[in-house]
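Subject: Handover of a structure

Dear colleague,

Please find below the structure that I am handing over to you. My findings follow directly after it.

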Amino acid sequence: MARIAGVNLPTNKRVVIALQYIHGIGEKAADTIMKTLNIPFERRVSQLTDAEVLQIREMIDRDFTVEGDLRREVSINIKRLMDLGCYRGLRHRRGLPVRGQRTHTNARTRKGPAKAIAGKKK
């Protein structure tokens with residue numbers, strides 16, 4: 001079992017897919033890693049040699065921000081927006097959609113379950 005960036009990669013999956021289990025590595029980054037290190041795309045995690053795992057680990061540490069560091073960076077950015085009091089920060093603080101979506105209807109994921117209006121009877 002390969003352990004990269006604190007994540008256990010599933011052994012029976014292709015390396016390109018397994019790399020995407022690491023927070024901060026998507027399709028494009030996984031493809032870039034595979035092409036740069038000349039690892040065949042059909043290779044499974046269980047077929048990787050220790051040297052290849054080490055190469056992948058070193059490249060990710062050197063070229064990508066992943067896992068805990070990335071999560072910390074994102075939360076710091078959100079906290080900065082909230083401290084500034086800008087529009088996006090206020091939306092984060094109130095738990096509403098940040099990127100301009102409508103809230104008159106929809107947005108239930110962000111707003112939570114609908115609340116009944118007290119005292120209103122039909």
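Asn38 is found in the loop between helix H2 (27-36) and helix H3 (50-63); helices here are DSSP runs of H or I with at least four residues, and strands are runs of E with at least two, numbered from the N terminus. Although Asn38 is not a glycine, it has a positive phi of about 55°. Its relative accessibility is 66%, so Asn38 counts as exposed (exposed means over 50% relative accessible area, buried under 20%, and partly exposed in between, with a 1.4 Å probe and protein chains only).

Please note that this is a predicted model, in which local features need pLDDT of at least 70 and side-chain atom pairs count only at pLDDT 80 or more, while totals for chains, interfaces and linings use all residues. Residues are numbered from 1 along each chain as its sequence is written, and side-chain values use heavy atoms, with hydrogens and water left out.

Asn106 is likewise not a glycine and has a positive phi, of about 70°. It is found in the loop between helix H5 (87-94) and helix H6 (108-111). With a relative accessible area of 54%, Asn106 is exposed.

Turning to a residue of helix H2, Met34 lies in that helix. Its relative accessibility is 0%, and Met34 therefore counts as buried. Leaving aside neighbours within four places in sequence, Met34 is in contact (heavy atoms within 4.5 Å) with Val15, Val16, Leu19, Ile39, Pro40 and Phe41. Ile17 is 17 residues from Met34 along the chain, and the C-alpha atoms of the two are separated by 11 Å.

The next point concerns helix packing. Two packed helices are described by the angle between their axes and the distance between the axes. Helix H4 (residues 67-84) packs with H5 at an angle of about 105°, their axes being 7 Å apart; axes are lines fitted to C-alpha atoms, for helices over the stretch in contact, and angles run from 0 to 180 degrees between N-to-C directions. H4 is therefore roughly perpendicular to H5 (65 to 115 degrees counts as roughly perpendicular, under 35 as roughly parallel, over 145 as roughly antiparallel and the rest as oblique). On the H4 side, Ile78, Leu81, Met82 and Asp83 meet Arg88, Gly89, His92 and Arg93 of H5. By class, this contact has three nonpolar, two polar and three charged residues; Ala, Val, Leu, Ile, Met, Phe, Trp, Tyr, Cys and Pro count as nonpolar, Asp, Glu, Lys and Arg as charged, and the others, Gly among them, as polar.

Finally, I turn to charged pairs. Side chains of opposite charge can pair when their charged atoms come close. The structure holds five salt bridges, a salt bridge being a side-chain nitrogen of Lys or Arg within 4 Å of a carboxyl oxygen of Asp or Glu. One of them joins Arg62 to Asp63, with the closest N and O atoms 3.2 Å apart. Arg62 is exposed at 58% relative accessible area, whereas Asp63 is partly exposed at 42%.

Arg71 forms a salt bridge with Glu67, in which the closest N and O atoms are 3.6 Å apart. Both residues lie in helix H4, four residues apart, about one turn of the helix. Arg71 is partly exposed, at 46% relative accessible area, while Glu67 is buried, at 17%.

Arg72 and Asp69 also meet in a salt bridge through their side chains, at 2.9 Å from N to O. Because Arg72 and Asp69 are three residues apart in helix H4, about one helical turn separates them. Arg72 is partly exposed at 47% relative accessible area, and Asp69 counts as partly exposed at 48%.

With kind regards
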